[in-house]
Amino acid sequence: MASNRSYQTCDFLIAGGGLAGSLLAWCLRERGATVLLADLPNPSAAWRTAGGLLTPVTGRRLAKSFMLDTLLTFAKEWYRSMEQQFGATLLTELPILRVFRSADERSVWEERRAEPGYSQYMQPAQDAIPAGVYAPFGTGIMTGGGRVDLVALLHCLHSVLPLAETTGAPVRVEELDITESGVKWRTIHAEKLIFCEGWRGAYNPLFSAVPILPSHGETLVIRTAGIPDTCILNGGAHVTPLGNGLFKVGATNGWSTFDETTTQDGLAELRHNLDNLIGVPYDIVEHTAGIRPAIKDRHPVAGMHPVHKRVGMLNGLGSKGALYGPWSAFHFADFLVNASPLPAFSIERFYSSDT
Ligand SMILES: Cc1cc2nc3c(=O)[nH]c(=O)nc-3n(C[C@H](O)[C@H](O)[C@H](O)COP(=O)(O)OP(=O)(O)OC[C@H]3O[C@@H](n4cnc5c(N)ncnc54)[C@H](O)[C@@H]3O)c2cc1C
């Protein structure tokens, strides 16, 4: 048996260096904890593919996300503070131009706008049509949202977070030695281990009670001219300006493919949606795929295993990692370091009291 001296020690070993794991590692370090990040490098991790959009009202029903006002304010302030720490541009606040696909959709917009708590995010429907955009039913401007450059954010965080010496290998449950005093994995001894595996968490045998539903998504980067680059277009697809004539187009949503490869069907769907939205020529520069870690109830999940109290998880950021990530990581770090109760998203909702 190896002596203690041969172990790297830390308060928290984080398994997964994507958005959830990196944000949590950062928040734990801010609270004085020692952290090691063990990431299985993955060029198709969700954070690399994601548009990073912060969209206040979403879906056909144009509903606000759960706790939107709190989460959005928190997230924007958090990204601004990260920008100051790293001297990087991470958050671009942009109006989102909802392009109505039907008269009904326009009516839903007006009805929603009239509800309490919505008008701050939704301006009145209008008939003005921006150049290069098909909008026979008009448009509505959504405010308060924008785009987070998740790749830039993760590069900033990875530049300062300590990596486990064994980085490059996945942390596998079968390799763990979980004792009352901590968790051993290969050459690391941690007080606690937190899994932040994204969609791969669906196959973690310790957390089989947590219903993670992987959702496959594909995006394009196109080069074009003649459409607005001062707003995000949203109508069948999202078209987000990236600068220098480049735009991100997304995203598809599939529930049957659980690998991160692009498909011809995905490409056809994206092109179809794009061609219904803009009327200018474009070149496809990039076509990527990734998998979102969605939870059945669409809320993130944070907390410790009911039996193995030294092992926990942060997951379920779904299609709203940019919105949910900072708040979830911040409060989970408080829970882990300061024993503060979790104000929301506790894993306990998936465990019965007699587990
Ligand atoms: C096509 C697409 C579009 C999206 N658009 C948006 C958007 O516009 N706005 C938005 O907010 N969100 C968007 N998302 C969602 C966002 O990307 C996710 O919410 C977020 O990336 C989830 O973060 P995560 O850390 O849980 O998972 P990931 O980002 O997938 O990271 C998980 C990491 O953990 C590693 N890992 C897994 N298992 C292990 C293990 N056992 N040991 C070590 N490492 C491990 C993986 O290799 C990976 O590096 C989109 C996602 C997709 C796929």
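## Helix packing, ligand shell and domains

Helix α1 (residues 19–30) packs against helix α7 (residues 321–338) at an angle of about 40°, and their axes are 8 Å apart. That angle makes α1 oblique to α7. This is a predicted model, in which local features need pLDDT of at least 70, side-chain atom pairs count only at pLDDT 80 or more, and totals for chains, interfaces and linings use all residues. Residues are numbered from 1 along each chain as its sequence is written.

Some terms need their cut-offs. Helices (H or I, at least four residues) and strands (E, at least two) are DSSP runs, numbered from the N terminus. Axes are lines fitted to C-alpha atoms, for helices over the stretch in contact, and angles run from 0 to 180 degrees between N-to-C directions. Angles under 35 degrees count as roughly parallel, over 145 as roughly antiparallel, 65 to 115 as roughly perpendicular, and the rest as oblique.

The crossing of α1 and α7 is right-handed; a crossing has this hand if the near helix is turned clockwise from the far one by less than a right angle, and is left-handed if anticlockwise. On the α1 side the contact is made by Leu 19, Ala 20, Leu 23, Leu 24, Cys 27 and Leu 28, which meet residues of α7 including Gly 321, Gly 325, Phe 330 and Leu 336. By class, this contact of α1 with α7 has 13 nonpolar, two polar and no charged residues. Here Ala, Val, Leu, Ile, Met, Phe, Trp, Tyr, Cys and Pro count as nonpolar, Asp, Glu, Lys and Arg as charged, and the others, Gly among them, as polar. Residues are in contact if their C-beta atoms, placed from the backbone, lie within 7 Å.

Helix α1 also packs with helix α5 (residues 150–160): their axes come within 10 Å and cross at roughly 45°. The two helices are therefore oblique to each other. The crossing of α1 and α5 is left-handed. Leu 19, Ser 22 and Trp 26 of α1 meet Leu 150, Leu 154, Leu 157 and His 158 of α5.

The domain assignment, automatic or from a database, gives domain 1 (4–47 + 152–210 + 297–350) and domain 2 (59–147 + 213–295). Their centres, taken over C-alpha atoms, are separated by 29 Å. In the contact between them, 26 residues of domain 1 meet 22 residues of domain 2. On the domain 1 side, α7 gives the most, with five residues.

The ligand is surrounded by 41 residues, and the closest are Gly 16, Gly 18, Gly 198, Gly 217 and Gly 321. Domain 1 and domain 2 each supply at least three residues of the shell. Strand β17 (282–295) is among the elements that each supply at least two residues, and β17 gives the most, with four. The shell has 19 nonpolar, 17 polar and five charged residues.

Two backbone features remain. Most residues other than glycine have a negative phi, and most peptide bonds are trans. Gly 250 and Ala 251 are joined by a cis peptide bond, with omega about -20°. Leu 62, which is not a glycine, has a positive phi of about 50°, and is found in the loop between β4 (57–58) and β5 (63–64).

Terms used
Two residues are in contact if their C-beta atoms, placed from the backbone, lie within 7 Å. A residue is near a molecule or strand if its C-beta atom, placed from the backbone, lies within 6 Å of it.
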